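Me: Could you walk me through this model while I have it open? I'd like to jump between topics as they come up.

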Amino acid sequence: MPTNLELLEQNDPAVFAALRGEEARQRVGIELIPSENYTFPEVLAALGSVFTNKYSEGYPGRRYYGGQEFTDEIENLARDRAKAVFGCEHANVQPLSGSAMNQAVYLGLLEPGDTILAMDLSHGGHLTHGAPVSHMGKMFNFVRYVTDPSDGSIDYDQVRKDALEHKPKLVLCGYTSYPRDIDYEKFKGIADEVGAVSMTDASHFGGLVAGGSMKNPFDFGFDVVTTTTHKSLRGPRGGMVLCRKPFASKIDKSVFPGLQGGPHMNAIAAIAITLQKAQSEEFKQYARQVLINSRTLADALMEKQATLVTGGTDNHMMVVDTVASFGLDGRVAEEALDKVQITTNKQIIPDDPNPPLRPSGIRIGTPAATTRGMVEEDMRQLADWIIKCLQNPEDEASLSQIRDDVEAFCGRFPVPGI
Ligand SMILES: *Cc1c(COP(=O)(O)O)cnc(C)c1O
């Protein structure tokens, strides 16, 4: 009997070749996009399993199709583990992605036209935090807070003023490009003062909360926390809505039948696996190392004259102002680093005078590199290569030398699952 992969190779060589190509790409380059990671081999197994065959509309014990003995078991495991890991009263593990999980919260707890206070996209918020191009941005009245121009951090006095002026029904903190931690006590206080629901979108740092190395918003009495499962948490692509009991039934109805049909049971099986891993001592050590690596990389870059937004990092990411540091826009910097197989992403910085496809910075993060086992000395090596590459982005001989060095270096760090 040929294996599933052997069948793929025989019957669809084009897709098989692309799969092998992507495996090689992930092995020979250094992944520094802060939202990416390498998942666990067990997760890959679950994703490619027969759970993908099954329709399970509804929730455990209340399904619209028969044959749910094992799907119920899987979803209950995932929910119980989510509650244990995040210390929360209720978990919905069905959202098909991070975007759907946030939509489910807005649509489930609010009415169209209601006001939401959230971080502006250009200052580090996510598309789903009410960017004008998004459907949610049109459906709800988003008031967007920005960062303090003096140091790039959230201006809590301004957030409070905005809240008192606009009386939001929901106050949202969380970010996609912001290198500092959040003052949850202040956010919760502001939400309480105006009678709003308090929500954290922990999509980026959910794994670091799970691993105990970053603060947990539930410890500050937050109502709702959302997180993707595929970023720092290292699981399959997906999203979870975690909340306090009083919100549970509205959230569940909003995810299904409000927003989605059948959940992806193969992903939910993989989420259950991920959440068991997240409780291990090994994962706690991983979460700590992500932060140590981030701080080490940021310090090494700054020692070599790179300018970082906010002047450093408290989390797993940093934003380099490439115009100020190297006289390069973010797109040129991203492309130069691509040539040496170091993958980053161009990034708008606060009050960026440049357009989104040619912004003034790049965003760098350590979750994926840390999964491969890289530690402090490797971060200093990385900083050397990044600086060399961005100081001479047109020196083909130097770029090709760096690329060879990067490839040889990567040989020492296996990618889980490949
Ligand atoms: C990544 C992210 C999301 C959306 O996740 P997708 O799975 O890409 O839809 C939502 N919010 C924040 C803050 C994110 O960083």
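**Working through the model**

Reply: Let's begin with Ala267, which has its place in helix α11, residues 265–277. Please keep in mind throughout that this is a predicted model.

Me: OK, is Ala267 buried or exposed?

Reply: Ala267 has a relative accessibility of 10%, and because the limit for buried is under 20%, it counts as buried.

Me: And what is Ala267 in contact with, leaving aside neighbours within four places in sequence?

Reply: With those neighbours left aside, Ala267 is in contact with Leu47, Pro236 and Arg237. Leu47 is 220 residues from Ala267 in sequence, yet the two C-alpha atoms are 5.8 Å apart in space.

Me: Switching to the ligand: which residues are the closest?

Reply: The ligand is surrounded by 14 residues, of which Gly98, Ser99, Thr176, Asp201 and Lys231 are the closest. Helix α5, residues 98–109, gives the most to this shell, with three residues.

Me: How many of the shell residues are nonpolar, polar or charged?

Reply: By class, the shell around the ligand consists of eleven polar residues, two charged ones and one nonpolar one.

Me: Which side chains have an N or O atom by a ligand nitrogen, and at what distances?

Reply: For Asp201, a side-chain N or O atom is 2.6 Å from a nitrogen atom of the ligand, and for His126 the corresponding distance to a ligand nitrogen is 3.5 Å. Ser203 also has a polar side-chain atom, which lies 3.4 Å from a nitrogen atom of the ligand. As for cover, the ligand taken alone exposes 380 Å², and the protein buries 86% of that.

Me: New topic, helix α7. Which of its residues are buried?

Reply: In α7, which covers residues 156–166, the buried residues are Tyr156, Val159, Asp162 and Ala163. They lie on the same side of α7, because they cover an arc of only 115° around the axis. In general, an α-helix has 3.6 residues a turn, so residues three or four places apart point the same way.

Me: What do the buried residues of α7 pack against, and which residues are exposed on the other side?

Reply: The buried residues pack against strands β5 (115–119) and β6 (141–145) and against helix α8 (184–193), while Asp157, Lys161 and Glu165 are exposed on the other side of α7.

Me: Now Asn293: where does it lie, and is it buried or exposed?

Reply: Asn293 lies in helix α12, residues 281–303, and it is buried, with a relative accessible area of 0%.

Me: Which side chain does Asn293 join through a polar contact?

Reply: The side chain of Asn293 is joined to that of Thr370 by a polar contact of 3.0 Å. Not counting residues up to four places away in sequence, Asn293 touches Thr366, Thr370, Met374, Val375, Glu376 and Met379.

Me: Last one, Leu8: how accessible is it, and what does it touch?

Reply: Leu8, in helix α1 (residues 4–11), is partly exposed, with a relative accessible area of 27%. Beyond residues up to four places away in sequence, Leu8 touches Pro13, Val15, Phe16 and Leu19.

Notes:
Residues are numbered from 1 along each chain as its sequence is written. This is a predicted model: local features need pLDDT of at least 70, side-chain atom pairs count only at pLDDT 80 or more; totals for chains, interfaces and linings use all residues. Side-chain values use heavy atoms; hydrogens and water are left out. A residue is near a molecule or strand if one of its heavy atoms lies within 4 Å of it. A polar contact is a pair of N or O atoms within 3.5 Å; within protein, one must be able to donate a hydrogen and the other to accept it, and residues adjacent in sequence count only if both atoms are side-chain atoms. Accessible areas come from the Shrake-Rupley method with a 1.4 Å probe; for residues, only the protein chains shown count as cover. Helices (H or I, at least four residues) and strands (E, at least two) are DSSP runs, numbered from the N terminus. Ala, Val, Leu, Ile, Met, Phe, Trp, Tyr, Cys and Pro count as nonpolar, Asp, Glu, Lys and Arg as charged, and the others, Gly among them, as polar. Buried means under 20% relative accessible area, exposed over 50%, partly exposed in between (1.4 Å probe, protein chains only). The arc is that of the directions from the helix axis to the C-beta atoms. Contact means heavy atoms within 4.5 Å.
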